[in-house]
Amino acid sequence: MQPSSSPATTPVFFDHDGGVDDFLSLLLLLHMRHVQLLGVSVTPADCYLENALLTTHKLLALAQRNDVEVSGGNYHGMNAFPSDWRAKPKILNALPSMINVEVGPHAAHYDDNTAFIIRRLEAAPAPVTFLMTGPCSSLVHALEQAPSLREKIAEVVWMGGAVDVIGNVKTYNHNGTAEWNVFWDPMSAHKLFRSGLPITLVPLDTTNTVPVSFDFLKKLASQAGYFFSNLAGQFWATTIDTIPAYEYTYFMWDVLTTSYLAIPEAFQFEMIELEVSPSSADAGNTYRKPSSGQWVKTAVGVQKERFYEFLFELLKQDLVVS
Ligand code: AGV
Ligand code: CA
C-alpha cells in the first residue's frame, strides 16, 4: 500500500522512554501522513539513554527522516525501572535490519530534553499534540521553566496510570496501585494533573484489553514481505519472554496510545476527575477524586478489532519520502 499524499497537518512532539513499544510507536508516527513530527525527546526511564538514542536515530534514518531532531534527558526519576527492562532494547540495535543502519555524526550531539522542548514549542507553527509514552517529567520541567508555552499545547496524550484496575508496579514498600510511567516520577505526574492542560490519558484500564499475543505475531509474520511488518515483528519478538509470563504480560501500551492520533474514533472516553498520589506507599496511584476539579479525558475502552486491523494495514506501507 502506498502512503497517501495528503499534507501533514497535525504538529506532534513525541517524548518516549526507550521501551520496545516506544520504538514501535515512533514507527507508527513516521507512517502517519497527517503527523508533522516536530521532534523526539528520550526520557531515560525504561531504557539506558545511549541505546535508546541510537535506536531512535536508526529508525529515523530508515525512514529517511534525519531532519527530525532528537534530545536526551538528564533527569532521573526517584523510582528507577528494573535494569533488565532498561537493558533490553540494546538487542534492537543488533537486529539484522538495524545493525548496519548508519546514523551520521549529528547523532552524537544532543540537547537536554527541557531546553529542546522549549525550543521546539516556541517554534511550533500551531498548537501541538504532545505525545508521551514514558514518564511526564520532561514536559513538566519545560513548562516550569517557560510557563507561557502551555498556550502552544493543544492536547497532551499520555500513556499512564491505572484508574479502576490495579497497577503494574510490583516492588518493595509499594501497594501495587501505580502504573510505571507515573511511578517513576510521581511528583511530576501530580503537577501535570494540576496544570489544567487538556490531558488525554490512556491508562492500563484500556491497554490491558490489548495484549501482544502469539496470534497477533503470527498474523503479522504472514505479511513479513513488507519491510516494516518484518521490522515490527522482530521488535515484538524481543518481548516474548513476557508473553505470557507468570507475572508480566507485554501489552500494546504505547502502541495503542499512539494509535489514538490516527483512529480516535475507535476509542471510548470518559471525563473523570483524577488525582495522583505524589508520595508514600501508593506513590503514583491515579485515582478518582470527585472534588479535584482535575478533569481528564480518560480512555475507558477501545474497539480491539479496529485497532489491530489498523496496525496490520499501517505496517504494509512503505516510507517513501517525497
Ligand atoms: O507501564 C507501561 C509502560 C509503557 O510505556 N512501560 C512499558 C511501556 O513502554 C513500563 C512497563 C511495564 N511493564 C513492563 C514495562 C515490562 N514487562 N517490560 C518493560 N516495560
Ligand atoms: Ca514507554
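In the predicted model, ligand 1 is surrounded by 14 residues (heavy atoms within 4 Å), the closest being Asp 21, Asp 46, Asn 168, Glu 179 and Asp 254. Local features required pLDDT of at least 70 and side-chain atom pairs pLDDT 80 or more, whereas totals for chains, interfaces and linings use all residues. Residues are numbered from 1 along each chain as its sequence is written, chains are lettered from A and ligands numbered from 1 in the order written, and side-chain values use heavy atoms without hydrogens and water.

Polar contacts (N or O atoms within 3.5 Å) link the ligand to several side chains. A polar side-chain atom of Glu 179 lies 2.5 Å from an oxygen atom of ligand 1, and one of Asp 46 is 2.7 Å from a nitrogen atom of ligand 1. The protein covers 96% of the 430 Å² of accessible area (Shrake-Rupley, 1.4 Å probe) that ligand 1 has on its own. Helix 1 (20–31), helix 6 (180–183) and helix 11 (253–259) each give two or more residues to the shell; helices are DSSP runs of H or I with at least four residues, and strands are E runs of at least two.

Strand 7 (residues 267–276) runs antiparallel to strand 9 (residues 295–302), to which seven bridges join it; Glu 270 stands opposite Thr 298 in strand 9.

Key:
A polar contact is a pair of N or O atoms within 3.5 Å; within protein, one must be able to donate a hydrogen and the other to accept it, and residues adjacent in sequence count only if both atoms are side-chain atoms. Two strands pair if DSSP finds at least two bridges between them.
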